[in-house]
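Hi,

Here is the structure I promised to pass on.

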Amino acid sequence: PTIIRRMDYRPPDWLVPDVTLDFDLDPALTRVRATLSVTRNGDHDLPLRLDGEGIVPLSVCVDGRPLAQDEWHLEAGALIIALPDTAHSVETLVELSPEGNSKLMGLYASGGLLCTQCEAEGFRRITFFPDRPDILSRYSVRMEADKARFPILLANGDPIEQGDLPEGRHWARWNDPFLKPCYLFALVAGDLACNADRFVTMSGREVQLGIWVREADLARTDHAMHALKNSMAWDERVYGREYDLDVFNIVAVADFNFGAMENKGLNIFNSRYILADPETATDIDYDGVEGVVAHEYFHNWSGNRVTCRDWFQLSLKEGFTVFRDQNFSADMGSHAVKRIEDVRILRAGQFQEDSGPLAHPVRPESYMEISNFYTATIYNKGAELIRMMALMLGAERFRAGTDLYFDRHDGQAATCEDFVLAMEEGGGIDLTQFRRWYEQAGTPHVRALISHDPISQSATLTLEQTMPPTPGQTHKQPMAIPLRTALFDPATGQHRGDELLMLTEGKQSFTFTGFPVTPIPSINRGFSAPVIVETNRSQDDLAFLSAHDDDPFARYEAMQQLMVNVLVGRIAGHATDDATVIDAVRNTITDPLLDPAFIAETIRLPSEAYLGDQMRLVDPDAIHAARDALQQQIGAGLEPLWRDIHARTKANAFSLSPAAKGARKLRNAALHYLVASGAQDGPAIAFVQFSEADNMTERQAALGTLANGASPEREAALDIFYNRYAADALTLDKWFQTQAFALHPDTVDLVAQLSTHKDFTLANPNRVRSLFGAFAGNQWAFHHKSGKGYRLLADCIIALDRLNPQTAAKLVPPLGRWKRFEEKRAALMRAELQRILAQPGLSKDVTEQAGKSLE
Ligand code: DPP
Ligand code: ZN
């Protein structure tokens, strides 16, 4: 397969100002007639090249004249036509089989609907077109279908006209007045019910809002609608950005590769990010709906009106939009808790990616298959880059920067460099060195040492940065790292203010006067930079910060570091001071001033995977044993407190208020420790919570806690859950996921059994992720020393690749971490990667991921 390089970018040879599409829709056989107005771009005599994949032209006309067979040809799927003049009209006709499309890219059938997914390169599976984001066109779309099966016909933009046809058919036309790249094209046809609402924009325009789902799901769409209206208001208030069309539609579909898609005026969602009610959705699910609805809505400006010049610029829209949705969710709930959650996600996904064979810069230099680059680095690290710029600029100057960016590039396909330039010019800052964050892969390590001179009463903080090598980048330049820092006086528990230290050199010292004793540094407060900080702080210093730091993230971080130190020490066979951890947990859970949601986050032990990341060679069994033992000790050591918290956080009635959500989170944490304590009645208490809960948050948490153990209640609860939700796909996913996540010695065998369960299917990406995605994230189970886990995952990848390469490729990275495991496991992992690569007809997607993972 060919490698596409950023440096090879050339402007398009031909532009397509106008597109007219005519769809004769049918699940078995759909006809697509496309009429493109094309104009030569620049002075050249190159032919017109229209990308295509899995389609053949049934006819080709230029300016109304049918071409003979020798007037066009196909080259690697693309249609090549030599054209004499500077402007022409080109018409093609193709046939598709939506119901035969298992890749879920292009036009496909899902649960009786017809829908599309075009990002990144799905439009070429619908019609011949220059499928690249810098071709911006105006679209007019006519759809025709059987009226009884497909009563609703939706596309981008505004509805223009509709009518009935003979033989029970009907048609509709939609026009999108905004220029857009073809990856934002969408249509939906189906029997859908609508949650309809309206929003009045800041300039007084009324927008019709519609969330379209199966009739039976209508009652589960209110949270999404609420989130949509809040997002629209937030983007006006915070960025001054108003919605621009008269209608905004969202459709939920069951089979979807992504979480959702920001098609202009017609977002298409994975139903798991639309549907929510207390019976089936956890608080995390509710927050996911809110965040993703916001994310896709925010793309209307950061992505659609200003789009990407090429796919190397993907983080231009994704990093910025993640940053926007993170801040929106923080404003809707708790800033402290949201930041902790986002950092946990970053560390679990992005730090791991950045330290392995698939590490790549936020603006990559090359790819084989762009679908493989919808990564935690592009999204989450990309968001951290924007966050650092916003921090360095301050709110007002950052807003000046984004205003300039939107005004300057509205209606254009832009680059990451354009964004940085707008920040520099609009915000008044020099980002020369900062640009390295876009260029260099890998997570910077910062070593921070505090020293003290009693004579001058000064403290010196010495910061040293290093960047590990990553594939293709052995030597790195120092980064510009903004570190929010405060120095605490241990006697008073106070500090003199938060300072932004800019670490720009390999090694730098900062001296502070007026310290009679050594202060305790609180560094990278708020997680101001996406780096790994190592310090010479003692366990006592960390315990102090975990009780006194006024920056909630730093306070959380101190507690986590305290726990990590004990666990890593134990795994290495050292004697550890467990009492300090237990005391710190006690102090936290008994602090009346703390938000329960924050407490629940803070007292959670670091995950087994995170502990693995702290070790050069991951020992899954030792990590599990050490973590399990500490959990038992904290459970038993504070048992009366857990019982008390669990009892007093029981609510009388369900509510989605922050207080109610916080209480549920703390209640679940308490239950978890109570069961971990080994108390005889632990499983029974969990079972009562499971049975009596009036919401999924408590029910699933109780199930998850039971699933880790071996009590009779475990099997009973799993059976009850299955029988109650077997008919509801999204909720049944939780049943698979809970078992795949279980910290249970038999998980690997259970997952093998579940992969042949009658309700398991490779055709639905959510179901695949709920079983195999969860399993591959369960370090202890997946890295079973027999290698069974590796074989199971590889079998799934091989089978899934034949149906849906994009989703199959997403399962490869866990096998690529072999360098971090002892020889035997490493050899088993490599053998599975080799077996995958040896499959005949392997997709480009999996070939790229498995090939890179072996290097
Ligand atoms: N739909 C995906 C997202 O919003 C890709 N753009 O991130
Ligand atoms: Zn996005």
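Residues 442-535 are 0% helix and 52% strand, with end C-alpha atoms 20 Å apart. Helices here are DSSP runs of H or I with at least four residues, strands are runs of E with at least two, and both are numbered from the N terminus. UniProt, in an unreviewed entry, labels 442-535 "domain: Peptidase M1 alanyl aminopeptidase Ig-like fold". The record's positions are in the numbering used here, feature names are shortened, and annotations may be inferred rather than shown by experiment.

Before you go further: this is a predicted model, where local features need pLDDT of at least 70 and side-chain atom pairs count only at pLDDT 80 or more, while totals for chains, interfaces and linings use all residues. Residues are numbered from 1 along each chain as its sequence is written, with chains lettered from A and ligands numbered from 1 in the order in which they are written.

Another unreviewed UniProt feature, "domain: Peptidase M1 alanyl aminopeptidase C-terminal", sits at 539-855. That span is 70% helix and 0% strand, and its end C-alpha atoms lie 39 Å apart.

Now for the ligand. Around ligand 1 you'll find Glu119, Phe258, Ala260, Met261, Glu262, His295, Glu296 and Glu318 (C-beta, placed from the backbone, within 6 Å). Three of the shell residues are nonpolar, one is polar and four are charged (nonpolar: Ala, Val, Leu, Ile, Met, Phe, Trp, Tyr, Cys, Pro; charged: Asp, Glu, Lys, Arg; polar: the others, Gly among them). Strand 20 and helix 2 (283-298) each give at least two residues to that shell.

Strand 20 runs antiparallel to strand 21 (266-270), joined by two bridges, and Ala260 is opposite Phe269.

As for domains, the bounds come from an automatic or database assignment: domain 1 (1-191), domain 2 (337-439), domain 3 (445-465 + 480-536) and domain 4 (726-855). The C-alpha centres of domains 2 and 4 are 30 Å apart. Eight residues of domain 2 contact twelve of domain 4 (C-beta atoms, placed from the backbone, within 7 Å).

Overall, the chain has 27 helices and 32 strands, and its C-alpha trace spans about 90 × 65 × 60 Å along the principal axes.

Cheers

How values were computed
Two strands pair if DSSP finds at least two bridges between them. Two residues are in contact if their C-beta atoms, placed from the backbone, lie within 7 Å.
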